[in-house]
Amino acid sequence: MVERFLAGSAAAPMKIGINGFGRIGRLVFRALWDSAAHRAAEPGGFELVHVNDPGGDAAAAAHLLTFDSVHGRWRRDVRAQPLVPNNRPQFSVDGELVHYSQDADPTRSEEHTSELQSPCNLVCRLLLEKK
C-alpha cells in the first residue's frame, strides 16, 4: 500500500519526517519502516529520518514505539541514543538513526527540517493527493 502512494517520486530515496508521534504517528512510522520501499535506492524508495513531537522526548518515543498496548510489541531493536555533539536528540531502529525534535511549529526549526525533502506531514499529503 505504501509503495502505491510513493510511486513516481524522485529517483533518489525521499527523506520523510513524521510530525506528531501519538498512536497514529507511531503506527504510521511502523508501517512505513516495515514496507518494502523503506531505504530502497530505486524510484519510489524513501528513508524515515525525522520525528517531531512536542509531547515527549526521544527516550519516551523509543519506548512507546516499541510497546503499544493495543498493537503489541514491535519486533525491532529501538533504542534512545545519547545526544550527538550538536545536541540533537535521536533514537535508532535496527541501528539506523532517526532525528527527534520537540518543536510546537516544526517548520520554524531549520536545524531539524533541513534534511527533509518535504514537510513533516508528507505522508498525509501524499494520501490526499492520490485520491
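**Figure 1. A close-up of L83 and the residues that L83 touches.** In this predicted model, L83 touches R88 and P89, leaving aside residues up to four places away in sequence; a contact here means heavy atoms within 4.5 Å. L83 lies in the loop between β5 and β6. Helices (H or I, at least four residues) and strands (E, at least two) are DSSP runs, numbered from the N terminus. L83 is exposed, with a relative accessible area of 54%. The words used for this are buried for under 20% relative accessible area, exposed for over 50%, and partly exposed in between (1.4 Å probe, protein chains only). The C-alpha atoms of L83 and A58 are separated by 9.8 Å, and these two residues are 25 residues apart along the chain.

**Figure 2. Helix α3 and its buried residues.** Helix α3 spans residues 58-66. Which of its residues are buried? They are A58, A61, A62, L65 and T66. These residues lie on the same side of α3, because they cover an arc of only 130° around the axis, the arc being that of the directions from the helix axis to the C-beta atoms. The buried residues of α3 pack against α2 (23-34), β3 (67-68), β4 (72-73), β5 (78-81), β6 (90-93) and β7 (96-101).

**Figure 3. Helix α2, one of the partners of α3.** Helix α2 has 12 residues and reaches 16 Å from its first C-alpha to its last. That is close to the 16 Å expected at 1.5 Å a residue, where the expected span is 1.5 Å times one less than the number of residues. Buried in α2 are G25, R26, F29, R30, L32 and W33.

**Figure 4. D94 in the loop between β6 and β7.** Here, look at the backbone: phi of D94 is near 50°, a positive value in a residue other than glycine. Most residues other than glycine have a negative phi. D94 is partly exposed, with a relative accessible area of 35%.

**Figure 5. Stepping back to the chain.** The chain holds 5 helices and 7 strands, and from the N terminus on its elements run α-β-α-β-α-β-β-β-β-β-α-α. Of its 131 residues, 45% count as buried. Among contacts with a separation of 6 or more, 65% come from residues 24 or more positions apart.

**Notes for all views.** Residues are numbered from 1 along each chain as its sequence is written, and side-chain values use heavy atoms, with hydrogens and water left out. Local features need pLDDT of at least 70 and side-chain atom pairs count only at pLDDT 80 or more, while totals for chains, interfaces and linings use all residues.
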